[in-house]
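Please read the following note alongside the sequence and the model. The points are numbered so that each can be checked in turn.

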Amino acid sequence: MTHDDSADATTNTDARGRVLPVTDLSLVVLVGATGSGKSTFARRHFKPTEVIGSDFCRGLVADDENDQSASGDAFDVLHYIAGKRLAAGRRTVVDATNVQSDSRKQLIELARRYDVLPIAIVLDVPEDVCAARNATRADRAGLPRRVIQRHQRELRRSLRHLEREGFRKVHVLRGVEEIDGARIVTEKRYNDLSHLTGPFDIIGDVHGCAAELETLLRELGYVDGAHPEGRTAVFVGDLVDRGPDTPGVLRRVMAMVAAGTALCVPGNHENKLGRHLKGRSVQHTHGLAETVGQLAGEIDEFRAQVREFVDGLVSHYVLDGGKLVVCHAGLPEKYHGRTSGRVRSHALYGDTTGETDEFGLPVRYPWAEEYRGRAAVVYGHTPVPTATWLNNTICLDTGAVFGGKLTALRWPERELVDVPAERVWYEPAKPLRSEAPGGHDGRPLDLTDVHGRRVVETRHAGRVAVREENAAAALEVMSRFAVDPRLLPYLPPTMAPTATSRRDGYLEHPAEAFASYAQDGVGRVVCEEKHMGSRAVALVCRDADVARERFGADGPTGSLCTRTGRPFFADASVTEELLGRVRAAVTEAGLWEELETDWLLLDAELMPWSLKASGLLRTQYAAVGAAAGAAFPGALAALEAAVSRGVDAGALLARQRERAADAAAFTDAYRRYCRPTDGLEGVRLAPFQILAVQGRSLAGLPHDRQLALIDRMVEHDGSQGSDLLQTTRRLYVDTGDEASVRAGVDWWLEMTGRGGEGMVVKPVEALARNAQGRLVQPGVKCRGREYLRIVYGPEYTRPQNLEKLRGRTLGHKRSLALREYALGLEALDRLADGEPLWRVHEAVFAVLALESEPVDPRL
């Protein structure tokens with residue numbers, strides 16, 4: 001038996017009396033005859049909320065705690081409440097006689113169902129004491145003596161069998177003095193090391209590869225098994241079997257564990273070796289024969305140490321305040337920190353579907369696909385070619401013994417470190433390939449990943465729901481119009497406008513943006529010029545090989561798409577030419593090396609607007625301008641002639657002249673966004689954020705640092721004689737400084753006065769949150785007075801029209817922007833973590849689906 005599977009009936013005694021260790025998460029069953037003092041004992045040693053009494057539950061269902069006819073329903077209630085507490089991870093104490101084996105059996109089954117330790121505390125007091133105590137209680141004064149005698153007989157029969165029934169700990173207190181002197185001491189579970197915060201280096205399956213282990217430890221910075229910075233190594237099990245030097249691996253790991261510089265959980269191979277060392281009959285297969293032969297050359301003392309070491313391994317560890325779980329074969333969240341044979345079995349072997357593959361090996365149940373837990377689960381067991389994150393889980397068994405590599409994960413840095421195997425030490429039963437869904441060796445995108453109502457778990461905003469009808473609309477766009485989904489790792493969120501202004505003549509004004517951020521506790525913002533173009537996402541790979549290796553796309557070196565996933569250019573060669581020029585600028589700026597990446601993802605603006613919106617210009621805006629141009633000259637001429645003849649039409653003429661001026665302003669406004677292009681001639685790209693690079697999301701990088709990187713790209717683009725990349729003008733504003741705010745307003749007035757579209761106001765520190773801990777808007781747009789004429793119509797600035805427009809509702813748009821923002825961040829995190837395509841695309845698709853929500857398109 002190992003620690004977390006063993007029974008412990010021992011207690012300690014000090015000068016004050018018996019000390020009873022009780023595990024923090026357990027089902028404590030008090031056992032004793034009526035009148036033995038169970039309720040008094042429970043009140044003295046446990047919190048009131050921890051104790052569930054049968055008498056109390058009897059009172060709940062019958063209004064009479066002594067109504068024995070209600071006992072069945074009362075115990076149903078007791079078991080239900082106890083189950084809810086155990087499911088929530090709370091210690092529970094059952095205060096009932098529990099002297100009958102059938103009643104205890106139900107409680108043991110309850111403990112097993114929720115994978116907690118059942119602990120019995122027996123109060124054995126003389127019959128006369130029980131009778132005297134009952135006589136002092138009005139509700140028990142008439143209790144027949146035979147009831148106490150029956151309870152005492154059942155208690156005596158029970159004492160010999162409690163451990164056999166399934167209780168992991170049994171504490172027997174005899175006599176009033178021993179009960180009164182007893183103390184309860186709460187002890188942590190063996191698997192609860194949440195107080196250890198690391199940093200850790202978690203090492204995958206070693207399988208007897210001692211030389212590779214020593215190389216990896218040196219790479220991680222360990223010197224003779226200790227790290228100079230106090231880091232702790234954590235081994236995920238399967239130290240033994242198959243490899244050339246299992247004793248060498250065991251000697252190193254056992255010494256580190258003994259010195260306190262390492263932790264280790266058991267693998268299925270240690271479990272089998274342990275049974276062999278205890279003399280049990282096991283088949284010498286799957287590498288055990290090699291281990292037995294290697295250990296035969298060791299002295300008896302070493303083999304005894306190995307047996308003791310393996311016997312003492314705990315099934316899994318909860319570390320770093322509950323943020324990290326380490327086990328051998330993976331563990332669903334419901335088992336974290338739990339203690340039972342079922343938990344240990346899953347931690348050692350995982351779960352299988354009951355099927356076998358073409359190699360005769362069991363098919364693993366894909367528990368990681370469904371994992372949504374808060375803790376990161378790091379495990380091994382199933383060899384994969386490359387360690388990749390999936391739903392906050394990662395498998396570190398990269399097949400060192402099969403000629404792959406030995407991999408470690410630095411925590412909390414989430415950095416992977418690996419060393420290659422020196423050779424193939426053991427031929428695998430099947431080719432080394434990924435068992436995780438998605439990626440090159442896993443399953444492709446599937447309709448079920450995005451069909452119907454969906455709920456996507458995000459790290460920054462919790463659960464985001466997608467309606468079925470919105471998913472259907474997104475599927476239509478994605479399947480008919482979008483770029484290759486393998487090259488679509490991100491879609492940007494919609495952007496909410498600033499709060500509606502009450503200033504004369506304005507619908508939007510930057511003062512409201514600055515005030516809103518100040519209210520949210522954001523002290524420093526950056527105002528970025530809004531370019532007269534369309535939002536664009538550019539995935540730029542260093543070359544076609546990188547695009548093929550990382551994204552599975554054969555041919556293109558990246559993608560350039562709209563915020564709804566559509567390609568900007570029908571001609572793929574134009575896209576490749578644009579990507580090539582961006583790539584050259586990145587290369588000249590030295591960003592590949594600085595960011596340690598072979599690809600990067602850019603958020604940008606592509607100009608001119610007419611490049612994307614030519615159809616809208618022809619059918620809507622130009623049509624309005626043409627109609628006004630055709631109608632107003634004749635109407636004005638007629639009115640002017642009438643006025644010259646003395647007709648009282650001056651007021652009407654003045655109104656029509658205003659309307660004509662508004663129409664001309666409307667035409668001038670949209671024409672600023674139109675210019676002819678030929679291939680890339682006349683095209684400009686203004687990047688403003690690097691979203692992600694290999695292994696990292698950069699969405700949290702402050703915007704001043706982002707723009708500094710972008711400026712270098714733009715500068716080197718120009719130095720190569722290209723004029724594709726355009727800088728984004730910006731101004732930093734202190735929301736608490738009146739002069740700074742006034743300068744921001746003046747900058748906006750000057751820019752929009754020259755016909756500029758406006759600006760976007762963003763917190764300089766990305767991922768900003770308010771005092772309640774909620775994400776604030778990542779940016780709000782503040783559009784110029786003339787630009788809004790395109791949006792709301794030529795005559796929107798008339799006082800009566802402005803007043804109506806000020807009644808617009810922004811709540812839904814703001815909610816939509818934050819939900820899409822959270823989904824975008826989630827997609828970037830999954831992409832950076834190397835999760836498979838379908839996981840990244842789940843969040844990307846959800847952004848597109850939310851775009852189908854009904855919201856005023858003018859906002």
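**A buried charge and other features**

1. Asp-717 is buried but takes part in no salt bridge; Arg-581, the nearest side chain of opposite charge, is 5.1 Å away. In this predicted model, a salt bridge requires the nitrogen and the carboxyl oxygen to be within 4 Å. Asp-717 belongs to helix H23, which covers residues 703-719. The side chain of Asp-717 does have a polar contact of 2.8 Å with the side chain of Ser-722.

2. The overall setting should be kept in mind. The chain contains 28 helices and 33 strands. Of its 859 residues, 53% are buried. Along the principal axes, the C-alpha atoms fill a box of roughly 125 × 75 × 50 Å.

3. Salt bridges deserve a separate point. The whole structure holds 62 of them. One joins the side chains of Glu-127 and Arg-145, with an N to O distance of 2.7 Å. Glu-127 is in helix H5 (residues 127-135) and Arg-145 is in helix H6, so this pair ties together parts that are 18 residues apart in sequence. Glu-127 is partly exposed, at 25% relative accessible area, and Arg-145 is also partly exposed, at 38%.

4. Glu-508 and Arg-808 form another salt bridge through their side chains, at 3.3 Å from N to O. Glu-508 sits in the loop between strand S24 (496-497) and helix H17 (510-519), and Arg-808 in the loop between helix H26 (799-805) and helix H27 (811-832); the pair therefore ties together parts that are 300 residues apart in sequence. Both Glu-508 and Arg-808 are buried.

5. The side chains of Arg-563 and Glu-851 also meet in a salt bridge, at 2.9 Å from N to O. Arg-563 lies in the loop between strand S27 (558-562) and helix H19 (572-589), while Glu-851 lies in the segment after helix H28 (837-850), so parts that are 288 residues apart in sequence are tied together. Arg-563 is buried, at 17% relative accessible area, whereas Glu-851 is partly exposed, at 26%.

6. Salt bridges also occur as a network. Its linked residues are Arg-414, Arg-454, Arg-459, Glu-826, Arg-830, Asp-833, Arg-839 and Glu-842.

7. Arg-146, Arg-150, Arg-153 and Arg-157 form a positive patch. Arg-153 is in helix H6 (residues 145-159) and is partly exposed, with 47% relative accessibility. A nonpolar patch of about 280 Å² is made by Phe-56, Leu-60 and Val-61. Val-61 is part of helix H2 and is partly exposed, at 38% relative accessibility.

8. The backbone contains cis peptide bonds. One joins Gly-198 and Pro-199, with omega about 5°; Pro-199 is in the loop between strand S9 (192-193) and strand S10 (200-203). Another runs from Trp-411 to Pro-412, with omega near 15°. Pro-412 is in the loop between strand S20 (405-411) and strand S21 (415-420).

9. Which value of phi does Asp-63 have, although it is not a glycine? Its phi is positive, at about 60°. Asp-63 is in the loop between helix H2 (54-62) and helix H3 (71-87) and is exposed, at 75% relative accessibility. Asp-241 likewise is not a glycine and has a positive phi, of about 75°. Asp-241 is in the loop between strand S11 (232-235) and helix H10 (246-259), and is buried, with a relative accessible area of 0%.

Definitions and conventions:
Residues are numbered from 1 along each chain as its sequence is written. This is a predicted model: local features need pLDDT of at least 70, side-chain atom pairs count only at pLDDT 80 or more; totals for chains, interfaces and linings use all residues. Side-chain values use heavy atoms; hydrogens and water are left out. Patches are made of residues with over 30% relative accessible area and no salt bridge: like charges are joined within 9 Å, nonpolar side chains (Val, Leu, Ile, Met, Phe, Trp, Tyr) within 5 Å. Accessible areas come from the Shrake-Rupley method with a 1.4 Å probe; for residues, only the protein chains shown count as cover. Lys and Arg count as positive and Asp and Glu as negative; His and the chain ends are not counted. The place of a charge is taken as NZ of Lys, CZ of Arg, CG of Asp or CD of Glu. Helices (H or I, at least four residues) and strands (E, at least two) are DSSP runs, numbered from the N terminus. Buried means under 20% relative accessible area, exposed over 50%, partly exposed in between (1.4 Å probe, protein chains only). A polar contact is a pair of N or O atoms within 3.5 Å; within protein, one must be able to donate a hydrogen and the other to accept it, and residues adjacent in sequence count only if both atoms are side-chain atoms.
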